[in-house]
Amino acid sequence: MHEDQQFPRTYRDAMARYAGHVQIITTAHGGAMRGVTATACCSVSDAPPTVLACVNRLKQQNAIFLESGNFALNTLGARHKALADAFSGLGNLTTDERFAMGEWHFEGSGAPVLQNALASFDCRLIEAKEMSTHWILLGEVVGVGLGTQDEALMYYQRNYREL
(Lines give C-alpha, C1' and ligand atoms only; values in the text may rest on other atoms or scores of the structure.)
Protein backbone atom coordinates (compact mmCIF):
# COMPACT_ATOMS: atom_id res chain seq x y z
CA MET A 1 0.00 0.00 0.00
CA HIS A 2 1.28 3.45 -0.88
CA GLU A 3 1.88 5.77 2.09
CA ASP A 4 0.58 8.92 0.37
CA GLN A 5 -3.14 9.22 1.24
CA GLN A 6 -3.76 11.08 -2.05
CA PHE A 7 -2.11 8.38 -4.17
CA PRO A 8 -5.32 6.45 -5.01
CA ARG A 9 -7.01 9.66 -6.21
CA THR A 10 -3.92 10.70 -8.17
CA TYR A 11 -3.78 7.24 -9.74
CA ARG A 12 -7.46 7.44 -10.82
CA ASP A 13 -6.90 10.95 -12.22
CA ALA A 14 -3.88 9.75 -14.19
CA MET A 15 -5.80 6.74 -15.54
CA ALA A 16 -8.56 9.11 -16.68
CA ARG A 17 -5.97 10.49 -19.11
CA TYR A 18 -5.50 7.02 -20.59
CA ALA A 19 -7.80 6.88 -23.61
CA GLY A 20 -9.53 3.57 -24.15
CA HIS A 21 -11.84 2.07 -26.73
CA VAL A 22 -15.27 1.22 -25.34
CA GLN A 23 -16.36 -2.42 -25.42
CA ILE A 24 -19.31 -4.39 -24.15
CA ILE A 25 -18.11 -7.71 -22.77
CA THR A 26 -20.89 -10.29 -22.99
CA THR A 27 -21.50 -13.89 -22.01
CA ALA A 28 -24.32 -16.40 -21.74
CA HIS A 29 -24.76 -19.50 -19.61
CA GLY A 30 -27.69 -21.65 -18.56
CA GLY A 31 -30.26 -19.32 -20.13
CA ALA A 32 -28.82 -16.21 -18.45
CA MET A 33 -26.92 -13.41 -20.18
CA ARG A 34 -24.60 -10.75 -18.84
CA GLY A 35 -22.98 -7.73 -20.41
CA VAL A 36 -20.76 -4.98 -19.01
CA THR A 37 -19.23 -1.85 -20.51
CA ALA A 38 -15.44 -1.80 -20.25
CA THR A 39 -12.28 -0.20 -21.57
CA ALA A 40 -9.83 -2.66 -19.99
CA CYS A 41 -9.55 -4.95 -23.03
CA CYS A 42 -6.74 -5.58 -25.50
CA SER A 43 -5.08 -7.97 -27.89
CA VAL A 44 -2.56 -10.36 -26.35
CA SER A 45 -1.40 -12.30 -29.42
CA ASP A 46 -2.34 -13.12 -33.00
CA ALA A 47 -0.84 -16.63 -32.95
CA PRO A 48 -3.10 -17.98 -31.63
CA PRO A 49 -5.51 -15.01 -31.61
CA THR A 50 -5.95 -14.13 -27.94
CA VAL A 51 -7.57 -11.19 -26.15
CA LEU A 52 -7.69 -9.96 -22.57
CA ALA A 53 -10.65 -8.38 -20.78
CA CYS A 54 -11.06 -7.28 -17.17
CA VAL A 55 -14.33 -7.50 -15.22
CA ASN A 56 -15.07 -6.51 -11.65
CA ARG A 57 -15.10 -9.65 -9.50
CA LEU A 58 -16.79 -7.82 -6.61
CA LYS A 59 -20.03 -7.75 -8.63
CA GLN A 60 -21.59 -11.13 -7.93
CA GLN A 61 -23.37 -11.17 -11.32
CA ASN A 62 -19.97 -11.26 -13.07
CA ALA A 63 -19.28 -14.80 -11.83
CA ILE A 64 -21.13 -15.95 -14.95
CA PHE A 65 -18.05 -15.01 -17.00
CA LEU A 66 -16.14 -17.80 -15.23
CA GLU A 67 -19.02 -20.28 -15.29
CA SER A 68 -19.85 -19.86 -18.99
CA GLY A 69 -16.44 -20.58 -20.50
CA ASN A 70 -17.10 -17.93 -23.15
CA PHE A 71 -17.23 -14.20 -23.73
CA ALA A 72 -17.40 -11.74 -26.59
CA LEU A 73 -15.77 -8.35 -26.95
CA ASN A 74 -18.04 -6.00 -28.87
CA THR A 75 -16.21 -2.85 -30.01
CA LEU A 76 -18.56 0.14 -29.97
CA GLY A 77 -18.91 2.97 -32.42
CA ALA A 78 -19.95 6.53 -31.60
CA ARG A 79 -23.56 5.60 -32.43
CA HIS A 80 -23.54 3.11 -29.51
CA LYS A 81 -23.25 5.64 -26.66
CA ALA A 82 -26.71 4.83 -25.27
CA LEU A 83 -25.83 1.12 -25.33
CA ALA A 84 -22.56 1.80 -23.52
CA ASP A 85 -24.43 3.77 -20.85
CA ALA A 86 -27.04 1.03 -20.43
CA PHE A 87 -24.46 -1.74 -19.98
CA SER A 88 -22.49 0.43 -17.54
CA GLY A 89 -25.51 0.45 -15.23
CA LEU A 90 -26.86 3.93 -15.97
CA GLY A 91 -30.64 3.95 -16.02
CA ASN A 92 -30.99 0.88 -13.80
CA LEU A 93 -32.24 -1.25 -16.68
CA THR A 94 -32.72 -4.98 -16.31
CA THR A 95 -30.51 -7.35 -18.26
CA ASP A 96 -33.35 -8.04 -20.69
CA GLU A 97 -33.92 -4.30 -21.24
CA ARG A 98 -30.21 -3.74 -21.90
CA PHE A 99 -29.98 -6.53 -24.46
CA ALA A 100 -33.25 -5.35 -26.09
CA MET A 101 -31.45 -2.11 -27.04
CA GLY A 102 -29.26 -3.93 -29.57
CA GLU A 103 -29.44 -6.74 -32.07
CA TRP A 104 -27.54 -9.80 -30.85
CA HIS A 105 -26.71 -13.17 -32.33
CA PHE A 106 -24.78 -16.14 -30.99
CA GLU A 107 -21.56 -17.38 -32.54
CA GLY A 108 -19.47 -20.51 -31.95
CA SER A 109 -18.61 -19.88 -28.30
CA GLY A 110 -22.21 -19.24 -27.28
CA ALA A 111 -21.64 -15.63 -26.19
CA PRO A 112 -23.96 -12.86 -27.43
CA VAL A 113 -22.37 -10.81 -30.23
CA LEU A 114 -23.58 -7.31 -31.14
CA GLN A 115 -24.67 -7.46 -34.76
CA ASN A 116 -23.58 -3.92 -35.72
CA ALA A 117 -20.43 -3.61 -33.60
CA LEU A 118 -17.41 -2.01 -35.26
CA ALA A 119 -15.67 -5.30 -34.56
CA SER A 120 -16.53 -8.32 -32.46
CA PHE A 121 -14.34 -11.04 -31.01
CA ASP A 122 -16.07 -14.29 -30.04
CA CYS A 123 -13.94 -16.05 -27.44
CA ARG A 124 -13.51 -19.29 -25.59
CA LEU A 125 -12.32 -18.56 -22.05
CA ILE A 126 -8.90 -20.15 -21.61
CA GLU A 127 -7.93 -18.63 -18.26
CA ALA A 128 -9.28 -16.32 -15.57
CA LYS A 129 -6.86 -14.78 -13.13
CA GLU A 130 -7.93 -13.01 -9.95
CA MET A 131 -6.15 -9.68 -9.56
CA SER A 132 -7.23 -7.40 -6.74
CA THR A 133 -10.84 -6.31 -7.42
CA HIS A 134 -11.00 -7.79 -10.94
CA TRP A 135 -10.79 -10.98 -12.95
CA ILE A 136 -8.49 -10.90 -15.94
CA LEU A 137 -10.15 -13.00 -18.62
CA LEU A 138 -7.98 -14.48 -21.36
CA GLY A 139 -9.87 -15.69 -24.38
CA GLU A 140 -8.93 -17.60 -27.49
CA VAL A 141 -10.66 -15.83 -30.37
CA VAL A 142 -12.78 -18.37 -32.25
CA GLY A 143 -14.64 -15.85 -34.42
CA VAL A 144 -14.24 -12.28 -35.62
CA GLY A 145 -16.85 -9.93 -37.04
CA LEU A 146 -16.17 -6.72 -38.91
CA GLY A 147 -18.84 -4.03 -39.05
CA THR A 148 -18.80 -0.70 -40.82
CA GLN A 149 -15.85 1.63 -40.35
CA ASP A 150 -17.72 4.29 -38.40
CA GLU A 151 -16.32 6.61 -35.77
CA ALA A 152 -15.06 4.71 -32.71
CA LEU A 153 -16.42 5.35 -29.21
CA MET A 154 -13.57 6.16 -26.86
CA TYR A 155 -13.44 7.00 -23.15
CA TYR A 156 -11.06 9.76 -22.08
CA GLN A 157 -11.04 12.07 -19.04
CA ARG A 158 -14.23 10.47 -17.72
CA ASN A 159 -16.22 11.24 -20.88
CA TYR A 160 -17.06 9.58 -24.15
CA ARG A 161 -15.17 10.85 -27.20
CA GLU A 162 -15.37 10.04 -30.88
CA LEU A 163 -12.38 9.09 -32.98
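How far is the sulfur of cysteine 54 from the closest cysteine sulfur, and which cysteine holds that one? Before the answer, note that this is a predicted model. The closest sulfur belongs to cysteine 41, and the separation is 7.2 Å, too far for a bond. The cut-off for a disulfide here is 2.5 Å between sulfur atoms. A search of the whole structure turns up 0 disulfides. Cysteine 42 is in none either: its nearest cysteine sulfur is that of cysteine 54, at 7.7 Å. With a relative accessible area of 38%, cysteine 42 is partly exposed.

Next, charged pairs. The count of salt bridges is 6. One of them joins arginine 57 to glutamate 130, with 3.6 Å between the closest N and O atoms. This pair connects distant parts of the chain, 73 residues apart: arginine 57 sits in the loop between strand S5 and helix H2, and glutamate 130 sits in strand S9, residues 119-131. Arginine 57 is partly exposed, at 29% relative accessibility.

Another salt bridge has aspartate 150 and arginine 79 as its partners, at 2.3 Å from N to O. Aspartate 150 is in the loop between strand S10 and S11, while arginine 79 is in the loop between strand S6 and helix H3, so the pair ties together parts 71 residues apart in sequence. Both ends are partly exposed: aspartate 150 has 39% relative accessibility, and arginine 79 has a relative accessible area of 40%.

Lysine 81 and aspartate 85 give a local case, a salt bridge with an N to O distance of 3.1 Å. The two residues lie in helix H3, 4 residues apart, about one turn of the helix.

Now a sheet. S1 pairs with strand S11, residues 153-156, over 2 bridges. Glycine 20 has tyrosine 155 in S11 as its bridge partner.

On to packing. Threonine 27 is in strand S2, residues 23-29, and is buried, with 0% relative accessibility. Its side chain makes a polar contact of 2.6 Å with the side chain of serine 68. Beyond its neighbours within four places in sequence, threonine 27 has contacts that include Met33, Ile64, Phe65, Phe71 and Pro112.

For the aromatic rings, the count is 4 pairs. Phenylalanine 99 and tryptophan 104 form one that is edge-to-face, with 4.9 Å from centre to centre and 65° between the planes. Both of these residues are buried. Together with Phe87, Phe99 and Trp104 form one aromatic cluster.

Last, phenylalanine 7, which is in helix H1, residues 7-15. Phenylalanine 7 is partly exposed, with a relative accessible area of 35%. Its C-alpha atom is separated by 33 Å from that of glycine 77, 70 residues away along the chain.

Definitions and conventions. Residues are numbered from 1 along each chain as its sequence is written. This is a predicted model: local features need pLDDT of at least 70, side-chain atom pairs count only at pLDDT 80 or more; totals for chains, interfaces and linings use all residues. Side-chain values use heavy atoms; hydrogens and water are left out. Two strands pair if DSSP finds at least two bridges between them. Buried means under 20% relative accessible area, exposed over 50%, partly exposed in between (1.4 Å probe, protein chains only). A polar contact is a pair of N or O atoms within 3.5 Å; within protein, one must be able to donate a hydrogen and the other to accept it, and residues adjacent in sequence count only if both atoms are side-chain atoms. Contact means heavy atoms within 4.5 Å. Rings of Phe, Tyr and Trp (its six-membered ring) pair if their centres lie within 6.5 Å; planes under 30 degrees apart count as stacked, over 60 as edge-to-face and the rest as tilted. A salt bridge is a side-chain nitrogen of Lys or Arg within 4 Å of a carboxyl oxygen of Asp or Glu.
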